[in-house]
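Work through the exercises below with the sequence and the coordinates at hand, and try each task before reading its solution.

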Amino acid sequence: MSALNNFNTLLEDSSMTWECPKGFQEAADPTPDNPDVSVNYAVVQSNPAAGRVPIEVRYHLCPARGGKKDPKNSTNVSMAMGSDPSPYFLICLLNICNPEPDAAKSMNKVSSSIGSFPPEAVRREFGAAVGLTAPLPTVRDTFSTKHNAGMATMVHHPEKGTALMISLYENDEHLKATLADGMDGVFGDYFHSWEFN
């Protein structure tokens, strides 16, 4: 089964829809140098700005009840997220990273900078109950040899599943410039590329 077909199956199992972001195409192999990083699908910018490393966006889905492709690849829906879902976000990130002490250390750095979406906004924009985001401080070691900055975003629906999106940038300046363009630019194109039905 191709990566896209597998991803489409997971989307169906998670009751999600996804559209390839404008200006992006399928990435050939997002993790050739680190097989311990587990993602379901990845896209890369087709025509980056002159002199820039292309932005790459990687997706990881955990259907709430396993689904057709892999019944074991499921979110623990009985886990009480409580008033602070940040620890759950870190567990999800660790789940797709090499589970070594260095990875755990990097996740501790992430924990201090996690931001949450307003509940009404995450329901309206993603059909989700919870939305969290955080910068990734050790992208080059864990996710990519070409990128030096990144951001992780999680949306969660207790009955449908959890979706993680890792966006990778050349450096912090590149990340900040892309975010500054807001929803009318590249950021908006990939940030709203999926939602729960």
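**Exercise 1.** What does the accessible surface of the protein come to, and what percentage of it belongs to carbon and sulfur atoms?

*Solution.* The model is predicted, with local features requiring pLDDT of at least 70 and side-chain atom pairs pLDDT 80 or more, whereas totals for chains, interfaces and linings use all residues. Residues are numbered from 1 along each chain as its sequence is written, and side-chain values use heavy atoms, without hydrogens and water. With the Shrake-Rupley method and a 1.4 Å probe, the accessible surface comes to about 9600 Å², and carbon and sulfur atoms hold 50% of it.

**Exercise 2.** Determine which residues of helix α1 are buried, and which strands they pack against.

*Solution.* Begin with the assignment, in which helices are DSSP runs of H or I with at least four residues and strands are runs of E with at least two; the protein has seven helices and nine strands. Next, apply the burial cut-offs (buried under 20% relative accessible area, exposed over 50%, partly exposed in between, with a 1.4 Å probe and protein chains only). Within α1, residues 3–13, the buried ones are N6, F7, T9, L10, L11 and D13. Finally, taking contact as heavy atoms within 4.5 Å, these buried residues pack against β1 (16–18), β3 (41–45), β4 (56–63) and β9 (194–196). Just after the helix, S15 adopts a positive phi of about 55 degrees.

**Exercise 3.** State how many disulfides the structure holds.

*Solution.* A disulfide is a pair of cysteine sulfur atoms within 2.5 Å, and the structure holds zero. As for individual cysteines, C20 is partly exposed at 33% relative accessible area, while C62 is buried at 11%.
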